[in-house]
Every structure is written in structure tokens, then in C-alpha cells.
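Hello,

Here is the structure I promised to pass on to you. Please open it alongside this email, and I will go through what turned up.

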Amino acid sequence: MNLNIISIFRRSIISRGILSLQYNKIDYARPNCLRSEVRFPQLRCQNTVAIEESYVKKFMKAVGWMDQARTRLKLTGYFLYECVPDKVAYNEWFEELDLPDTFASWFIVTELHVWLLLVCYMAEDVSAALTDKKKYVKGDGHFVRNCIIEALWADVANRIKLLEGANPTIAKKQVLELSEQFQAALVSYDEGLEDDKVMAAAVWRRFYTLSQDVKAEQIERIVHFIRHQLSILHEIPSQDLKWKPDINWLSIRDH
């Protein structure tokens, strides 16, 4: 076969592979819901050499090269994060909840939506043992969780740089402070998964810094939104959430 034809054939395969990575997204699971583990048969290329068993393949996997599954999952994590700033109606949150139109308010709203994604996907790594006890094993869910958080901080760093008069030293300090607040928020939201009162306290602390001037109805609306949004995410099939999720965020005005 002509070498030029072979080169064109190879490039077409690579192009199709890259395009498939760009349009394949992910999956998430939900709180309070255990799913049976889905096992997919291992696909083998119909070649004279089983690539999956070759020493080269094992070496590449060991050092993290050409791991297509992980590459797809990482892209999925980034796509999932992008669905937050791209699809969330921030103006509605600011107007309905009396939040100032600032970077801090943007981050708090984004943080809540990111947490909802993390809850769903982390649940994919939870399995039920024969004793009906919950067991968490780090897997694809944990990996995608890290990718979503990685995308979040990359976006935050870029946005802070765009702020007028941003000082690099101050910006770095602000990101560090946001990181600490983010970790605390995740813990407080997690604790509220089973109790509306605990969740309301977490929302009051995070959104309004325990201000006495806040209206109870506003906190109640956020809690209702969280419960409703989690139930919607729960309805998405596990396989769709993992590879091709279509996340639609509910409006805070409907709660």
C-alpha cells in the first residue's frame, strides 16, 4: 500500500478518536442511592497481537500514557464543570436571594452547583456489601471529582486575574482563602444531606455568614432547590451520567 495512503488513513483514525473524546461526557450518581456495579466486557482489537496484553501497553498504562479511559473521564470532568458557569442563571440567584453581584457571590453559587455534581459522581464509587453496609472505594467517581475541582480552580484563577487592578500576590492569597472556604463548605453541605435543619444552617452560614437580617424564606428556597436538584440528578441513568450527561440546572425562581 502506498505510504501516503497509510498516513492519511492513520490521521483520519486519530482525528475521529479526538472528536469522539470531545463530545463524550460523563456520569454522576446520587446521594442516598446505592447502585449495583455495572460491568462492561473488555473489548479487544481484532489484531494478531492482543494490544491490551502487550508489555508496551502495560508500560504506558503504568506511567499514565495513552490511557484513553482516563483521558475521556478527565474531559468529562471539565465539561461537567463548564455546564455550571455556562448554564446557571446567576442573575436570578442574585436578584431572588438579595445577593450582591460580586465575585464572592458568583463563587458561592458556583460552589453549590459543583458540590451537587460531586455528590452525584462520588456516589458511583459506593457499593453495598452483603452485610448491607456502605463501602466506598476510590474509582472513576473519585477521579472525575478531582477533575471537576481542578477545572473549578483553573477558572477561578483566570477570573481573578481579570479583575481590575488584581495584584498577583493578593490574588494568590485570595485563591488560598477560597480553597479553605470551599473545603469547609463541602463538609457542611455533606452533613446536611440527611437533615434539612443541618442543611439550612450550612446554607445560612455560607450564603449569608449567619447574618440576622436574612429572610428565613430565602434559606428555605435554597434548601428546596438542593433537594429538588438532587432528585433530578438521581433520575439520570448511571451510564448516561458517566459518559454523556446532559445537566440542566433548575431555576431558583421555581422554589
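This is a predicted model: local features need pLDDT of at least 70, side-chain atom pairs count only at pLDDT 80 or more; totals for chains, interfaces and linings use all residues.

T209 sits in the loop that links α8 and α9. Its phi is near 45 degrees, a positive value in a residue that is not glycine. The loop between α8 and α9 also holds L210, another non-glycine residue with a positive phi, of about 60 degrees. L210 has 40% relative accessibility and therefore counts as partly exposed.

Now for the overall picture. The protein chain contains 10 helices and 2 strands, and along the sequence they follow the pattern α-α-α-α-α-β-β-α-α-α-α-α. Of its 255 residues, 36% count as buried. The accessible surface of the chain is about 16,200 Å², and carbon and sulfur atoms make up 56% of that. Among contacts with a separation of 6 or more, 71% are between residues 24 or more positions apart.

Next, the helices, starting with α5. This helix is mostly covered, with 18 of its 20 residues buried. Its end C-alpha atoms are 28 Å apart, which agrees with the 28 Å that 20 residues should span at 1.5 Å a residue.

How do α5 and α6 run relative to each other, parallel or antiparallel? The axes of α5 and α6 (residues 140-162) come within 9 Å and cross at roughly 170 degrees. Angles over 145 degrees count as roughly antiparallel, so that is the description for α5 and α6. The residues of their contact divide into 15 nonpolar, 3 polar and 4 charged.

The buried residues of α3 are L73, T76, G77, L80, Y81, C83, V84 and P85. They pack against α4, α5, α6 and α10.

Helix α9 takes in residues 216-234. Its 19 residues reach 27 Å from first C-alpha to last, close to the 27 Å expected. Buried in α9 are Q218, I219, R221, I222, V223, F225, I226, Q229, L230 and L233. As a reminder, an α-helix has 3.6 residues a turn, so residues three or four places apart point the same way. The buried residues of α9 pack against α4 (90-96), α5 (103-122), α8 (196-208) and α10 (238-243).

With 2% relative accessibility, I247 counts as buried. Which residues does I247 touch, leaving aside those up to four places away in sequence? They are L80, C83, K87, L117, L233, I236 and L241. Of these, L80 and C83 are listed among the buried residues of α3, and L233 is among those of α9. I247 and V84 are 163 residues apart in sequence, yet their C-alpha atoms are 8.9 Å apart in space. V84 is itself one of the buried residues of α3.

Definitions and conventions
Residues are numbered from 1 along each chain as its sequence is written. Side-chain values use heavy atoms; hydrogens and water are left out. Helices (H or I, at least four residues) and strands (E, at least two) are DSSP runs, numbered from the N terminus. The expected span of a helix is 1.5 Å times one less than its number of residues. Buried means under 20% relative accessible area, exposed over 50%, partly exposed in between (1.4 Å probe, protein chains only). Contact means heavy atoms within 4.5 Å. Accessible areas come from the Shrake-Rupley method with a 1.4 Å probe; for residues, only the protein chains shown count as cover. Axes are lines fitted to C-alpha atoms, for helices over the stretch in contact, and angles run from 0 to 180 degrees between N-to-C directions. Angles under 35 degrees count as roughly parallel, over 145 as roughly antiparallel, 65 to 115 as roughly perpendicular and the rest as oblique. Ala, Val, Leu, Ile, Met, Phe, Trp, Tyr, Cys and Pro count as nonpolar, Asp, Glu, Lys and Arg as charged, and the others, Gly among them, as polar.
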